[in-house]
Amino acid sequence: MAHKKESSGAAPVLRSYFRMKAILYTLPVAFILSIACTSSKTMSFTPPAATTPPLPEFDLEGHRGARGLLPENTVPAMLKALELGVTTLEMDAHISQDGQVLLSHDPFINREHELLPSGEEIPQKDAKKYVLYQMPYSQIRQFDAGSKFYSKFPEQRLMKAYKPLLAEVIDSVQAYLQNHGLPQVFYNIETKSSPAGDGKYHPAPEEFVDRLVAVLDAKNIRPYAIIQSFDPRTLQALHRKHPDIKTSLLVENTKGLEKNLDLLGFTPHIYSPYYKLVSPALVEATQGRGMKLVPWTVNSLEEMRRLKQLGVDGLISDYPNLYKALSL
């Protein structure tokens with residue numbers, strides 16, 4: 001009797017299972033795939049086994065993705081850089097009014113190469129009106145970040161684009177790497193901050209770092225993150241709270257290596273100066289301290305070759321399409 005009771009209880013379950021299976025067979029393939037894709041976005045990336053992966057032997061970075069070719073700091077620009085074989089994606093981070101980490105170089109919607117949600121130009125009088133830190137991300141996303149011709153980069157292909165969340169960029173990049181069988185890349189993320197901008201253009205350094213690291217951990221890419229900044233304060237906060245995360249000091253001043261490191265208070269993984277500041281002595285001094293030397297922003301093949309011959313450890317360029325010729 002016990003056996004018959006168990007069987008009769010299982011029958012409805014089996015009938016439900018076969019009914020569901022039949023329904024699934026009748027659903028459009030695109031619908032099923034959309035469910036799968038939606039579900040995958042809630043999952044974090046599982047990096048390769050190494051918990052502290054070494055930086056690339058020679059780092060080829062796409063500046064703001066591939067700014068010379070596609071709208072800067074957008075998902076299409078990042079995927080283009082991957083297509084061109086970069087080892088690191090360089091990008092800029094800001095914080096919205098509602099505390100979300102998004103990609104943007106400027107602290108406001110830049111009228112030089114961005115448009116109002118209506119598609120109209122931003123008037124000159126409103127050049128700095130639309131401050132990202134004073135708008136929720138849902139509003140920021142409505143602005144067009146890719147359809148306006150940008151005279152500084154005439155080769156840039158125009159397209160409708162928006163400022164994405166860092167989380168969305170990571171999801172898109174990781175999916176692209178997996179789908180194309182490409183090796184894992186690093187994320188070189190700049191905290192766009194300065195003492196004068198605290199509370200106006202961005203939160204204080206510690207909050208900025210906390211929000212950024214929360215995204216890295218949610219997406220499980222901490223081992224492949226590099227945090228860079230011209231602002232020593234964010235790097236100091238990061239080093240104090242998360243010493244395992246790689247750091248890069250951005251430099252455009254002429255104070256010299258020793259002075260800049262004294263101001264920072266620790267030795268970062270990377271020293272990243274404006275490319276015209278690079279000299280044989282700087283290469284020797286940085287590498288002698290165990291740092292990588294990765295200059296920015298190098299946009300001619302001639303300069304790339306010169307710097308590589310000097311012994312730099314990588315390059316950051318708006319034109320990652322030039323890297324292929326560099327290796328010839």
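**View 1. Strand E2 and its bridge partners in the predicted model.** Leucine 89 of E2 is the bridge partner of glycine 62, and the two strands concerned, E1 and E2, pair in the parallel sense over two bridges. The model shown here and in the following views is a predicted one. E2 is also joined by six bridges to strand E4 (residues 186-191), and these two strands run parallel; in this pairing methionine 91 stands opposite isoleucine 189 in E4. With strand E3 (residues 101-103), by contrast, E2 pairs in the antiparallel sense over three bridges, and here histidine 94 stands opposite leucine 102 in E3. The hairpin of E2 and E3 has five residues between the strands, and in this hairpin glycine 99 takes a positive phi near 80 degrees.

**View 2. The two covered faces of strand E2.** Because eight of the eight residues of strand E2 (residues 88-95) are buried, the strand is largely enclosed by the rest of the structure. One side carries Thr88, Glu90, Asp92 and His94, the other carries Leu89, Met91, Ala93 and Ile95, and the residues on both sides are all buried.

**View 3. Valine 209 in helix H6.** Valine 209 has its place in helix H6, which spans residues 205-218, and with a relative accessible area of 2% valine 209 is buried. Leaving aside residues up to four places away in sequence, valine 209 touches Thr234, Ala237, Leu238 and His242. The C-alpha atom of valine 209 is separated by 9.2 Å from that of isoleucine 227, a residue 18 residues apart from valine 209 along the chain.

View 4. Arginine 64, found in the loop between strand E1 (59-62) and helix H3 (75-83), has a positive phi of about 55 degrees although it is not a glycine. Arginine 64 is buried, with a relative accessible area of 8%. Asparagine 220, which lies in the loop between H6 and strand E5 (225-229), likewise is not a glycine and has a positive phi of about 60 degrees; asparagine 220 is partly exposed, its relative accessible area being 31%.

**View 5. The largest cavity and its lining.** The structure holds one cavity of 30 Å³ or more, and about 30 Å³ of space lies in the largest cavity. The lining of the largest cavity is made up of Pro71, Glu72, His113, Ala145, Gly146, Tyr150 and Gln156, and these lining residues divide into three nonpolar, three polar and one charged.

Conventions:
Residues numbered from 1 in each chain as written. Predicted model: local features only at pLDDT ≥ 70, side-chain atom pairs only at ≥ 80, totals over all residues. Heavy atoms only, no water. Helix = DSSP H or I, 4+ residues; strand = E, 2+ residues; numbered from the N terminus. Buried < 20%, exposed > 50% of the residue type's maximum accessible area, 1.4 Å probe, protein only. Contact = heavy atoms within 4.5 Å. 1 Å grid on protein atoms, 1.4 Å probe; cavity = no way out; pocket = protein on both sides within 12 Å on 5 of 7 lines; lining within 4 Å. Points joined across faces, edges and corners; volume = space filled by probe spheres on them. Nonpolar A, V, L, I, M, F, W, Y, C, P; charged D, E, K, R; others polar. Pairing = 2+ DSSP bridges.
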